[in-house]
Amino acid sequence: MTKEELRLKYKDLRNQLSEDDIENLSLDIANQALKLPIWEGTNYHLFLSIANKKEINTEYLLHLLAGRDKNIILSKSDFKEGTLANYLLTDNTTIKVNSYGIPEPVDGIEIKETQIDVVFIPLLAYDNKGNRIGYGKGFYDRFLAKCKPDTIKVGVSFFAPEEQITNVSEVDIPLDYCITPNKVYHFK
């Protein structure tokens, strides 16, 4: 299927999930994350969930990272430039929901992409090769292109992979892993 077809399919599948489903599946995903060989790093980038898009509740992953004394980095979107600025989450970080419904830091200690060891990546769908589909704006592909070559890219999804995304672009950056409620997929 194409990216456009898969976006429609997975937005519809997400919309069928209840709030209880989302909470339970999100907790299962956090528990599956413990099985990954990614815990040697220091700086972990995490997205905050857009509730009205029925995204995975990343609060469970956030608590997991905090419990392991990891530096948690959050991003702030620049929709004019199509880029993400990354900030260290501290006790003083103020989070506000932007006009697109995305919770993000107002400001703080900026972290360069090259300092990030692991990135948890939002997605709508992905395939058996680790190719992912987001909302189509390219924010994460541009962001990941600036990260170190050995930065570990971890998708999170309520669903299993598709067989193949037919219209993958050369600028699309594949995942190393994807965590689902029942299984961790490894792509390298």
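Predicted model: local features only at pLDDT ≥ 70, side-chain atom pairs only at ≥ 80, totals over all residues.

Visitor: What is the volume of the largest cavity, and which residues line it?

Guide: The largest cavity holds about 80 Å³ of space. Its lining is made up of R14, F47, E55, I56, P122, L123, L124, V156, S157, F158 and F159. Sorted by class, that gives eight nonpolar residues, one polar residue and two charged ones.

Visitor: And which residues line the second largest cavity?

Guide: N131, R132, D141, D172, I173 and P174 line that one, and its volume is about 30 Å³. Here the classes come to two nonpolar, one polar and three charged residues.

Visitor: Let us turn to open spaces. What volume does the largest pocket have?

Guide: A pocket, unlike a cavity, is an open set of points. The largest pocket has a volume of about 720 Å³. It is lined by 35 residues, and Y135, G136, K137, F139 and Y140 are the closest to its centre.

Visitor: Which helices and strands each supply at least two residues of that lining?

Guide: They are α1 (3–15), β2 (71–78), β5 (103–105), β8 (132–133) and α4 (139–146). The largest share, five residues, comes from α4.

Visitor: What does the second largest pocket look like, in volume and in lining?

Guide: Its volume is about 310 Å³. The lining has 14 residues, and those nearest the centre are E23, S49, N57, T58 and E59. Helices α2 (19–33) and α3 (59–67) each supply at least two residues. The classes here are five nonpolar, four polar and five charged.

Visitor: I would like to follow one of those residues. Where does S49 lie, and is S49 buried or exposed?

Guide: S49 sits in the loop between β1 (43–45) and α3. To judge burial, compare the relative accessible area with the cut-off: buried means under 20%. S49 has 18%, so S49 counts as buried.

Visitor: Which backbone atoms lie by the side chain of S49?

Guide: There are two to look at. A polar atom of the S49 side chain lies 2.3 Å from the backbone oxygen of I56, and the S49 side chain also reaches the backbone nitrogen of T58 at 3.0 Å. Setting aside neighbours within four places in sequence, S49 is in contact with E55, I56, N57, T58 and P103. I56 and E55 also belong to the lining of the largest cavity.

Visitor: Now for a loop elsewhere. Where is the place of E162, and is E162 buried or exposed?

Guide: E162 is in the loop between β9 (152–156) and β10 (177–179). With a relative accessibility of 13%, E162 counts as buried. The side chain of E162 makes a polar contact with the side chain of Y10, at 2.5 Å. Leaving out neighbours within four places in sequence, the contacts of E162 are M1, L6, K9, Y10, Y126, D127 and N128.

Visitor: To finish, what does the secondary structure of the chain come to, and how compact is the chain?

Guide: The chain has four helices and eleven strands. Its radius of gyration is 15 Å, close to the 16 Å that the globule rule gives for 188 residues, so the chain is as compact as a globular protein of that length. Along the principal axes, the C-alpha atoms fill a box of roughly 45 × 35 × 35 Å. Of the 188 residues, 51% count as buried. Among contacts between residues at least 6 apart in sequence, 69% join residues at least 24 apart.

How values were computed: Residues numbered from 1 in each chain as written. Heavy atoms only, no water. 1 Å grid on protein atoms, 1.4 Å probe; cavity = no way out; pocket = protein on both sides within 12 Å on 5 of 7 lines; lining within 4 Å. Points joined across faces, edges and corners; volume = space filled by probe spheres on them. Nonpolar A, V, L, I, M, F, W, Y, C, P; charged D, E, K, R; others polar. Buried < 20%, exposed > 50% of the residue type's maximum accessible area, 1.4 Å probe, protein only. Polar contact = N/O pair within 3.5 Å; in protein donor to acceptor, adjacent residues only side chain to side chain. Contact = heavy atoms within 4.5 Å. Rg over C-alpha atoms; globule rule 2.2 N^0.38 Å.
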